[in-house]
Amino acid sequence: MALIKSISGIRGTIGGRPSENLSPLDIVKFTAAFGSRILAQDARTRPGGNKIVIGRDGRISGEMVSQLVVSTLIGMGLDVIDLGLSTTPTVELAVVGEKAAGGIIITASHNPKEWNALKLLNSDGEFISAKEGAAILEKAERGDLSFAPVEKLGSYALNTTWLQKHIDAIVHHPLVDVQSIQQKHYKIVVDTINSTGALFLPPLLKALGVEEVILLNEEINGRFAHNPEPLPENLSGLSATVQKSKASLGIAVDPDVDRLCFVCEDGSMFGEEYTLVAVADYVLSKRPGNTVSNMSSTKALKEITLKHGGAYYPSAVGEVNVVNTMKAVNAVIGGEGNGGIIVPDLHYGRDALIGIGLFLSALSYHRNGIRSFRARYPDYFISKNKIELQRGIDVPAIFDKIKKKYKNHPVNTDDGLKIEFDSDWVHLRTSNTEPIIRIYAESNFETTANNIATRLMQDIKEFI
């Protein structure tokens, strides 16, 4: 069991001893540290005043964690706007819409049911910066906390209007073509993995003009019917149902609805890396400009961007890094290869709901089905591997030796070490939460990608 503290918040397994797992004491401590940082800002200039927006996914522990978060914030003199069962992108939108000082999303994203987490947002509805995250962690560890007297306790308000507000924002987005989607008479199977996608996807698809929706794992009980990460090995049930029901396509989201992937009508995977590629291709055809994805994402996005006359920019891994790069280069679309779509004129956060609206719009312009649509894009292969490390290993020194060995190849050191080999690449980076090095390699051929990854793993072992 574990408690992982990072600059974007804390996550861990429920139960056990404080400071070793995500216990009630840890939840209160880190919530209070976040609240203290909000209150430390000058009240005359603080964006959002004392308002904090919270929301949670459908996890078993969600209500318990939410009650602790709410009571702690009220005890600090902060006013809570509770969205209840919600999604990560909906909370991000609501922070801005409610003109709040920040937000807390109670979700462990794709982690198994025993996990939960606090994800922290600033007044722009975006994940807090590394600097702010470090300050909150330090304050929590010091226990430098102060609560409000009884006359200055905060308030509580439940607000369930943001589901419809989010859907309305998507339906009215200028690049979402509801009429074109409606004319295709789609039949779609959706796996909502026993979480809040079951609340949001059916009304969204209805608003988009989808004719028939079949829901899988629709009971919101947090007892995930399968591993909740939307990877091919976890979506066999969705694939089988798409084929059996003769559906147009399948959709899978993760528990907090910020990741998105599709299944073709023959049960094959569209590929989560290509969710962003297909959406970007559509957006760029309507709105030329620049794109961003993290360094571990497929090169297909760069190729699509160049085809449309734009410039592609890689970022370090992590949503906050993608967002910062998108802002710096004024990107019109961006995201991550795990099915995370970021549409800046809606909000700067991964959002499966706007991803569905844009993807179905793009698909509706295609004469044939989704399998044929997928054939428009290349079949690159990414080999994903990792090496476990003994604690105390000098990883920068290892990377420096590898960099020297491959000095005749283009190298990027913004996030670990990325090396390009003609049209192939390999990316080495350490994990923020585990003593491992991740090794991702991409090539036109599976064998080549695996060989590149194997070669670099041998280099790492040699230099340890």
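## The open sheet

In what order do the five strands of the open sheet run, and is the pairing parallel or antiparallel? In this predicted model, the order is β16-β20-β19-β18-β17, and the pairing is antiparallel. At the edges stand β16 (381-388) and β17 (411-412); each has a single partner strand, so one side of each is left without a neighbour in the sheet.

For β17, we can look at the pairing in detail. Strand β18 (residues 417-421) joins β17 over two bridges, in the antiparallel sense.

Two or more lining residues come from each of α10 (300-307), β13 (312-315), β18 and β19 (424-430).

What is the make-up of this lining in nonpolar, polar and charged residues? Seven of the residues are charged, four are polar and four are nonpolar.

Rolling a probe the size of a water molecule over the atoms shows where empty space is left. Counting cavities of 30 Å³ or more gives one, and the largest cavity has a volume of about 70 Å³. Its lining is made up of 12 residues, and G9, I10, F30, L120 and I136 are those nearest the centre.

Which elements give two or more residues to the lining of the largest cavity? They are β2 (9-13), α1 (24-40), β6 (115-121) and α4 (130-142). The largest share, three residues, is the contribution of α4.

## Two crossing helices

One helix pair is also worth a look. Two packed helices are described by the angle between their axes and the distance between the axes. Helix α9 (residues 272-286) packs against helix α12 (residues 352-364) at an angle of about 70 degrees, and their axes are 9 Å apart.

The crossing in which α9 passes α12 is left-handed.

Notes: Residues are numbered from 1 along each chain as its sequence is written. This is a predicted model: local features need pLDDT of at least 70, side-chain atom pairs count only at pLDDT 80 or more; totals for chains, interfaces and linings use all residues. Side-chain values use heavy atoms; hydrogens and water are left out. On a 1 Å grid over the protein atoms alone, a cavity is a set of points where a 1.4 Å probe fits but cannot get out, and a pocket is an open set with protein on both sides within 12 Å along at least five of seven lines; lining residues have an atom within 4 Å of a point. Grid points are joined across faces, edges and corners, and a volume is the space filled by probe spheres set on the points. Helices (H or I, at least four residues) and strands (E, at least two) are DSSP runs, numbered from the N terminus. Two strands pair if DSSP finds at least two bridges between them. Axes are lines fitted to C-alpha atoms, for helices over the stretch in contact, and angles run from 0 to 180 degrees between N-to-C directions. A crossing is left-handed if the near helix is turned anticlockwise from the far one by less than a right angle, and right-handed if clockwise. Ala, Val, Leu, Ile, Met, Phe, Trp, Tyr, Cys and Pro count as nonpolar, Asp, Glu, Lys and Arg as charged, and the others, Gly among them, as polar.
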